[in-house]
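Good morning, and thank you for joining this group meeting.

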Amino acid sequence: MSAVLDLAAIAPAFPDPTRGSQAVFRKVMEAMARPGVIHDLGFAPDAPQGLDRAAGAIALTLFDFETQVWLDPALRGGTAEGWIRFHCGAPLTADPMAAAFALITELGSAPELTAFNMGDAKYPDRSTTLVIQLPALEGGAPVVLTGPGIKTEMALALAGLPDGFWAQVQANHEQFQFGLDFIFVAGDRVTALPRSTRVTIKGD
Amino acid sequence: MTARPNEPERYYNYAYLDEQTKRMIRRAILKALAIPGYQAPFGSREMPVPYGWGTGGIQLTAAIIGPDDVYKCIDQGADDTTNAVSIRRFFAQVADVATTEDTGEATIIQTRHRIPEKGLTEGQVLIFQVPQPEPLRGLEARETETRAMHAYEEYGLQYVSLYESVSTHGYIASTVGYPTMIEERYLMSPSPIPKFDNPKMGDNPAILLFGAGREKRIYAVPPYTNVRSLDFEDHPFETQTWEEDCALCGATESYLDEVVLDDSGDRMFVCSDSNFCADRRAAGHAGPMAGHQLAALDKEPA
C-alpha cells in the first residue's frame, strides 16, 4: 500500500467527471429503485485490467475519502487498485466489516455475505454495498424478484453465481431492516438488488 | 419548455454543489431507496436560501440533475409562486436545465406540499421538500428515542395519538402530514402534503425522494411500494372532499384551495395544481367563475 504510484500506468477516468458521474448515478439510482432492471453504462470510460467498465464507473461515481473500500484479493496490488486509489482517493480496508463498499470480481472465493457489515438497528444505512462483477447478467438460472420497486414480479438470471448464493441473499432479505445491498455488473451493464427485494428460486 | 444556453464560464460548480457533496448525497439516496421509509442521515450543506425554503429538496435535485433533464418546481401545487419560481430559475441557471410547468413533460419535479394531480410515470422523480422528517417528533422530542422507536418498530405511541384525536374530535383530525406506514415496516412522514395526496404515494410508478435540509435527513419511497395511511377499523382513512367544484375549470376530483375575494365574504375554490387547472381550461373545461382574473395568473411573468 505504501508503494509509490506509477502515474504513467494509471488510465484516465471520466473526461468530464461532473457529467460522467451524474449520468452513471442516475442509472444506478434507477437500478436500485427498480430491482432487476438492467441498465447500460457503455458511455463510461475504459476501466483498468480486472475491472469491467460498469464496475469502474460505479467506483468513480460513489467511492471517495469517506468510504472504506474492500477489494477482493484478485484486485489487490494490481492496476485496478492503483486506479481506484488515484481517482477516488478511497481508503482501502482488509476488514469486510469496516467496508462501505466491497468490490468483488471473483464471487466464488469471496467471504460469506455475513462477513460484511449488515448495519445497525438504528442506522441500517451503515451497511456494506457489494459491487459484484459477474460474467453476464443474463443466461444463468432464473430467480423471481418481488418487493418495493417491482410492479408485479421481475425475472433475473445472473450468470456465474456460486452454489448457495441465492440462499445467502434470501437470508439477507429475511433480516430486513439489516442487510447488504447488491449492485451486479458485467461488461457495460448494471443491475441492483436492495435488501428489500424478495428472491424466489424457481422450483422452490 | 424553455431551454437555457450552456454557459461556459460559471462561478459555481455544475448544479451548485461540489462533487464530493453530490457523492455523499447520492450514497444516502441509494441507501434510502434500499430501506424504504427509513430516514438516512446526510451532511446537509448551507444553501443559498434559508432553511424552510426547500434546502433539502434543492440538495436532492442538485445531486441527481443533469443537462438532459426537464425540471418542474411547484409550491402548494402551483408553478407560479415565489418559492417555486426562484428554485426553478436557480436550476435553469446553475444546471443548464430545461424547465417546464407541464407535469407530463418533466423528468424531475420538486415539490413543496403537494403531489401533482396528473399521474406520474416511470422515469420521473418526485422530490419533496420536508420541514420535519420525523413523524414521531410531535410525540417524542428526543431524536435518540425516536430513532430507537423506528429501530424496534415501536409505533404504539402514534396509534395512541390517533386514538386521542378520535376521542376528542370523533374522527382522525389530522389533515396534512398524515402518518404513513411503508411496506409495513417504517412509519414515515409524507411531508406536509394534504392527506388527499397520501393514496398517490403507494404503487406510484415514479421514484419519490424526500429531503430535509435543516434536519439533515433523506428518505425515499421506491416505485410500486406499499404505502398505508394509518387508521382504525371503525375509523378508516378518508381523504378530503369538497362540496364545490373548481371555480375556473370545473374539476370535481382535484384538491381545491379556498381563495377569499373581498371583505364581504365572497370566495372561490380553485385547483391547487395550477398546471392541472390550466390544462383543463385549455381543453375547454369551464367552472362557474371561468374567465375570472385569477385565471390569468397561471403563467410565469417573462
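Predicted model: local features only at pLDDT ≥ 70, side-chain atom pairs only at ≥ 80, totals over all residues.

Let me begin with chain A. Its secondary structure amounts to four helices and 10 strands. Read from the N terminus, the order of elements is α-β-α-β-α-β-β-β-β-β-α-β-β-β. The radius of gyration of chain A is 16 Å, close to the 17 Å that the globule rule gives for 204 residues, so chain A is as compact as a globular protein of that length. Along the principal axes, its C-alpha atoms fill a box of roughly 50 × 30 × 30 Å. Of the 204 residues in chain A, 50% are buried. If we take the contacts in chain A between residues at least 6 apart in sequence, 70% of them join residues at least 24 apart.

Chain B can be described in the same terms. Chain B has six helices and 12 strands. Its radius of gyration is 20 Å, close to the 19 Å that the globule rule gives for 302 residues, so chain B is as compact as a globular protein of that length. The C-alpha trace of chain B spans about 55 × 50 × 35 Å along its principal axes. Buried residues account for 49% of the 302 residues of chain B. Among contacts in chain B between residues at least 6 apart in sequence, 64% join residues at least 24 apart.

I now turn to helix 3 of chain A, residues 79–88. Which residues of this helix are buried? They are A:Ala80, A:Glu81, A:Trp83, A:Ile84, A:His87 and A:Cys88. These residues cover an arc of only 160° around the axis, which puts them on the same side of helix 3 of chain A. As background, an α-helix has 3.6 residues a turn, so residues three or four places apart point the same way. The buried residues of helix 3 pack against helix 2 (53–62) and strand 2 (69–71) of chain A. After helix 3 comes A:Gly89, with a positive phi near 65°.

Next, consider strand 6 of chain A, residues 143–146. Its covered face holds A:Val143 and A:Leu145, whereas A:Val144 and A:Thr146 lie on the uncovered one. In a regular strand the side chains alternate between the two faces of the sheet. Strand 6 pairs with strand 7 (residues 154–156) of chain A in the antiparallel sense, over three bridges. There, A:Val143 has A:Leu156 as its bridge partner. Strand 6 also runs antiparallel to strand 10 (residues 198–201) of chain A, and four bridges join the two. In this case A:Thr146 is bridged to A:Arg198.

One further residue deserves a moment. A:Ile132 is located in strand 5 (residues 129–133) of chain A. Is A:Ile132 buried or exposed? A:Ile132 is buried, because 23 other C-beta atoms lie within 10 Å, and 20 or more are needed to count as buried. Neighbours within four places in sequence aside, A:Ile132 is in contact with A:Ile104, A:Leu107, A:Phe182 and A:Phe184.

Finally, how do the chains meet? The contact takes 30 residues from chain A and 29 residues from chain B. On the chain B side, helix 1 (19–34) and helix 4 (143–151) each supply at least two residues. Helix 1 of chain B gives the largest share of that side, 11 residues. By type, the residues on the chain B side divide into 17 nonpolar, four polar and eight charged.

Definitions and conventions:
Residues numbered from 1 in each chain as written. Chains lettered and ligands numbered in written order. Contact = placed C-beta atoms within 7 Å. Nonpolar A, V, L, I, M, F, W, Y, C, P; charged D, E, K, R; others polar. Buried ≥ 20, exposed ≤ 12 C-beta atoms within 10 Å, placed from the backbone. Arc of directions from axis to C-beta. Pairing = 2+ DSSP bridges. Rg over C-alpha atoms; globule rule 2.2 N^0.38 Å.
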